[in-house]
Amino acid sequence: MDPMGLRVAFLAAECEPWAKTGGLADVVDALARALGHPDIDGVDGPVDVFLPRYRGVPDLEPSAILGEARLAVPDPRARAGSSAVTIVDVAANGYRLRLVDHPPAFDREGFYGDAAGDYVDNAWRFGLYCRAALEALRADGRPVDVLHLHDWQAGAIAILRKERFDDDPIIGPAALVTTLHNLAYHGWTDNAALPQLGLRPGGAAPGQNADGVDLLAAGIEAAEIVNTVSPTYAREALTPAFGMGLDGLLRRRGDRFIGILNGLDNTVWDPATDRDLAAPFSRDDLAGKATCRADLLGQVGFDPADDGPVIGMIGRLDPQKGFDLLADATPELLAAGGRVIVQGTGHPSLADAFRSLAAASPDRVALVERFDRVLARKIYAGADFFAMPSRFEPCGQGQMIALRYGTPPIVHRTGGLADTVIDETADPGKGTGFVFDRETPSSLVEACRRAFALRASGGAAWKGLVERGMAVDFGWVTGSAPRYVEAYRRAVTIRGEERATR
Ligand code: GLC
C-alpha cells in the first residue's frame with residue numbers, strides 16, 4: 001500500500017471465490033490481492049474489484065459488508081431512463097469487492113448464458129454493470145487513476161469513457177489498461193442489439209464497425225496499454241492463426257500491446273498447508289505425496305497398489321483445452337500401462353468421449369463431470385503427471401499448480417504453457433516437465449511415453465525433475481504484480497500527455 005500511489009479499480013466478470021468458470025477468476029483475485037501487498041510500491045491499495053452479483057455468488061457474512069449504496073444508473077432500456085442498482089462493498093482477502101446488484105440482469109442461472117446459449121441481452125447486462133461501476137466511482141468523488149478492464153465484459157467502459165465521460169473530472173482522466181485473458185470471446189453485439197448499449201449503427205464508438213460493436217475490440221482500441229497473460233501468447237496473438245480476427249488491431253497497437261505472465265498465489269496453492277490433501281508434503285519432505293496418490297486413486301475407484309503412471313487433467317471441457325486429444329490418446333496410454341483422471345464440465349461431446357472410455361475401463365479411466373474444488377486439489381497432488389494439451393493457452397494455471405504440487409506437467413508448446421514448462425527431454429537435468437510440438441494425439445502420446453519412461457527409471461533424474469518443478473517461483477508479489485504497476489504508470493503517463501496536448 002502506498003498513499004502516494006495509484007488508485008486502481010478492476011472490472012472483471014469473475015473473481016474467486018465468488019464467481020468462477022475459469023482461470024480468470026483466480027487471476028483477478030490473486031492479482032488484486034498482490035497489488036495491495038505491503039511490498040508493492042505504487043498502488044494506493046486496497047484495489048476495488050467490481051463484480052456482478054450473480055445468483056451463484058455465495059451469501060455474505062454480515063460482518064464482511066462494508067456498506068451498501070443505491071444508485072440510479074442510466075439505463076438505455078429503462079423506460080424512466082435509469083435503473084436502481086445497489087453496490088455492495090465487501091471486505092475481501094486483500095482488496096475491496098464491489099458487487100453490482102441488479103437482479104433483472106444477474107439473478108439468473110448462468111453468468112453468460114444457459115443451456116440455450118448466450119443470453120441475448122448480454123450487451124445490456126454487462127453494459128449496465130460497467131455504467132454502474134463508473135457511477136459508483138463518481139459517487140465516491142475520489143479520482144481514480146487506472147480502470148483495469150478484464151476481457152470483453154468490461155469493454156463498455158472503453159465506450160463510456162469516450163462517449164460520455166471524456167470531460168468528467170473522475171472518469172475522464174482515468175487511464176485504461178485492458179487485459180486479454182482469452183481472445184476467443186468478443187462480446188459481439190450486432191447492429192440490431194446496439195440499443196442495449198445506448199448506441200446507434202454507423203457510429204464511431206471504440207470497437208464499432210458497420211455491423212456492430214466488438215466489446216473486446218473496444219477495450220483493445222481505447223486502452224492506453226493492452227496486455228495479455230504471457231509473452232508467447234502476446235506474440236501468437238499478432239498472427240491470424242491465433243488472433244481470432246483481432247490480430248490486425250493488436251498489431252496496430254505496436255508497443256502498447258505487451259505480454260505479462262500470470263503468477264500463482266503461493267499461499268492459496270501450497271501442498272504443505274493444503275487442508276484438502278490427505279497428507280501435506282513439500283520439496284524437502286515428499287513423503288506425504290504417496291498418501292495423496294493413494295487417497296486420489298481410492299476416491300476415483302482405481303487400484304492404489306498399481307504403480308503405473310496416472311495422468312490427471314482438469315478444466316473446461318472445451319476444444320481449446322485439447323480434451324479431445326487426450327481422449328483420442330487414451331487407448332494407447334492405457335496400453336502403455338497408464339491411467340487417466342479427467343475433471344471438468346462443458347461440451348457434451350467431450351464428456352461423452354470420456355464417459356465411454358470410463359465405461360469400458362472403469363478401473364483405468366475416470367471422468368469427474370463436475371466442478372469440485374477439493375477433488376481438483378487431490379488431482380494436482382496425487383496424479384503422477386498433469387496434462388495440458390491445449391490448442392491455444394493465453395497462460396494457463398493448472399501447469400503452474402501441478403509444478404508446485406510435484407506433478408510434472410505434459411503440455412503443448414503454446415502460449416503460457418511454453419513460457420512456464422521446460423522440456424526435460426530437450427534439456428536433461430534442467431527440465432520441469434514434458435513439452436510436445438504438434439496438436440495431435442500421437443504427439444501427446446509420444447510426450448507421455450517420454451514421461452512414463454523417466455518415471456519408470458526412478459532414481460535421481462526423476463527426483464530432480466519433480467524437485468525443480470516444485471522450486472519454480474511464480475509468486476505474484478515478486479514477479480508479475482510489479483509488471484502491472486509499470487503498465488499502470490505508463491498508461492497514466494500516456495493518458496495525461498494525450499489530454500494535455502488536446
Ligand atoms: C483464460 C485463459 C487462460 C488464462 C486465464 C487467466 O482462462 O484461457 O489461459 O490462464 O484466462 O488469465
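Reply: Arg-373 is partly exposed, with a relative accessible area of 41%. This value, like the others here, comes from a predicted model. The side chain of Arg-373 forms a salt bridge with that of Glu-16, with an N to O distance of 2.9 Å. Glu-16 is buried at 14% relative accessible area, because buried is taken as under 20%.

The structure holds 52 salt bridges in total. As for the position of this one, Arg-373 belongs to helix H11 (residues 373–382) and Glu-16 to the loop between strand S1 (8–11) and helix H1 (23–35), so the bridge ties together parts of the chain that are 357 residues apart in sequence.

Domain 1 covers 8–263 + 477–500, and domain 2 covers 287–473. Their C-alpha centres are 33 Å apart. Domain 1 brings 22 residues to the contact and domain 2 brings 19 residues. About 1400 Å² is buried between domain 1 and domain 2, and carbon and sulfur atoms give 53% of this area. The salt bridge count between domain 1 and domain 2 is one. Glu-16 falls within the bounds of domain 1 and Arg-373 within those of domain 2, so the Arg-373 to Glu-16 pair is that salt bridge.

H11 is also part of the packing around helix H8. The buried residues of H8 contact S15, S16, H11 and H14. These buried residues are Gly-288, Lys-289, Cys-292, Arg-293, Asp-295, Leu-296 and Leu-297. Just after H8, Gly-301 has a positive phi of about 80 degrees.

In one, Asp-306 is paired with Arg-339, and the closest N and O atoms are 3.7 Å apart. Asp-306 sits in the loop between helix H8 (287–299) and strand S15 (310–314), while Arg-339 sits in strand S16 (residues 339–343), and the two are 33 residues apart. Asp-306 is partly exposed at 24% relative accessible area, whereas Arg-339 counts as buried, with 1% relative accessibility.

In the other, Arg-449 and Glu-332 form a salt bridge whose closest N and O atoms are 3.4 Å apart. Arg-449 is in helix H14 (residues 441–457) and Glu-332 is in helix H9 (residues 323–335), so this pair ties together parts that lie 117 residues apart in sequence. Both partners are partly exposed: Arg-449 has a relative accessible area of 44%, and Glu-332 has 40% relative accessibility. Elsewhere, salt bridges with shared partners connect Arg-7, Asp-48, Asp-89, Arg-96, Arg-98 and Asp-140 into one network.

Six of the six residues of S9 (residues 175–180) are buried, so the strand is largely enclosed by the rest of the structure. Ala-175, Val-177 and Thr-179 point one way from S9, while Leu-176, Thr-178 and Leu-180 point the other way, and all are buried. Strand S8 (residues 146–150) pairs with S9 in the parallel sense over five bridges, and Leu-147 stands opposite Leu-176 of S9. From S8 the chain passes through helix H4 (residues 155–163) to S9 in a right-handed β-α-β crossover. S9 also pairs with strand S13 (residues 225–228), again in the parallel sense, over four bridges. Here Thr-178 has Val-226 of S13 as its bridge partner.

A further sheet has three strands in the order S10-S12-S11; it is open, and its pairing is antiparallel. Strand S10 (188–190) and strand S11 (208–209) are at the edges with a single partner strand each, so one side of each has no neighbour in the sheet. S10 and strand S12 (residues 212–214) pair over three bridges in the antiparallel sense, with Asp-190 opposite Gly-212 in S12.

How values were computed: Residues are numbered from 1 along each chain as its sequence is written. This is a predicted model: local features need pLDDT of at least 70, side-chain atom pairs count only at pLDDT 80 or more; totals for chains, interfaces and linings use all residues. Side-chain values use heavy atoms; hydrogens and water are left out. Buried means under 20% relative accessible area, exposed over 50%, partly exposed in between (1.4 Å probe, protein chains only). Two strands pair if DSSP finds at least two bridges between them. A crossover is right-handed if, with the strands pointing away from the viewer, the path from the first strand over the helix to the second runs clockwise. Domain bounds come from an automatic or database domain assignment. Contact means heavy atoms within 4.5 Å. Buried area is the accessible area (1.4 Å probe) that two parts lose on being put together, summed over both. A salt bridge is a side-chain nitrogen of Lys or Arg within 4 Å of a carboxyl oxygen of Asp or Glu.
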